[in-house]
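The sequence and structure are shown first.

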Amino acid sequence: MIGSKHWVLLLLTAVLSGCGGYPRLLNFSFDAGGRGLNSPASELSPQIASRYIAFVSDRNGSQDVYLFDAENRKLIDVPGLNSLDAIASNPAISQDGRYIVYSNSRQGNSEIELYDRETQIARTLTGRIQAEVRHPTISAEGSAIAFEVATDGQWDIMVVDRSGNALDIPGMPKE
């Protein structure tokens, strides 16, 4: 009888410990030098995909997009993503961490840009759209990007491919 209680406790412990990790709080250390996830600057709009966290920070004096590898607990260089003449916001990242999509504001004009970590090139997806755009998101595999677009005084949702071409989704307005 006592043996069966031990089995029940052991089984219950095994089941509960398997669920103990969800939800879990990840604690990333504070780095005063701005080399970690948390710094003395504002860290805004975090988006997580797999092991990556894309976020916006003003830690270097301008509002830029940063990428953090939670598995290795370090910032990943993203050369060519940020520019001095733009204010970045609302990043989103594909599941494999290759593509980062974000809003950029330059001289009062808003754009949606896509950064490819493999080629290290950022490209504007909304250059042909004469409207305000914001809040992009990207599909898990990085093939589709959705964002808000203000046309005719109304915010709508547009979905494009990585080249900025509107996807043919039934019921969606075309450019």
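Is Asp-69 buried or exposed? In this predicted model, Asp-69 counts as buried, at 3% relative accessibility. Its salt-bridge partner Arg-51 counts as partly exposed, at 26%. Arg-51 also meets Glu-71 in a salt bridge, and Glu-71 counts as exposed at 56% relative accessibility.

The structure holds 10 salt bridges, among them the following.

| Pair | Closest N to O distance |
|---|---|
| Arg-51 and Asp-69 | 2.5 Å |
| Glu-118 and Arg-98 | 3.5 Å |

Glu-118 lies in the loop between β7 and β8 and Arg-98 in the loop between β5 and β6 (99-106), so this pair ties together parts 20 residues apart in sequence. Glu-118 is exposed, with a relative accessible area of 59%, whereas Arg-98 is partly exposed at 24%. A network of salt bridges links Asp-85, Arg-106, Glu-111 and Glu-113.

The open sheet has 4 strands in the order β5-β6-β7-β8, with antiparallel pairing. Because β5 (87-93) and β8 (121-124) stand at the edges with a single partner strand each, one side of each is left without a neighbour in the sheet. The twist averages 25 degrees from one strand to the next.

Strand β7 (residues 109-116) is joined to β8 by 4 bridges, and Glu-113 has Thr-124 in β8 as its bridge partner. Arg-123 is placed in strand β8 and is partly exposed, with a relative accessible area of 39%. Beyond its neighbours within four places in sequence, Arg-123 is in contact with Ile-112, Glu-113, Leu-114, Arg-162 and Ser-163.

How values were computed. Residues numbered from 1 in each chain as written. Predicted model: local features only at pLDDT ≥ 70, side-chain atom pairs only at ≥ 80, totals over all residues. Heavy atoms only, no water. Pairing = 2+ DSSP bridges. Helix = DSSP H or I, 4+ residues; strand = E, 2+ residues; numbered from the N terminus. Axes fitted to C-alpha atoms, helices over the stretch in contact; angles between N-to-C directions. Buried < 20%, exposed > 50% of the residue type's maximum accessible area, 1.4 Å probe, protein only. Contact = heavy atoms within 4.5 Å. Salt bridge = Lys/Arg side-chain N within 4 Å of Asp/Glu carboxyl O.
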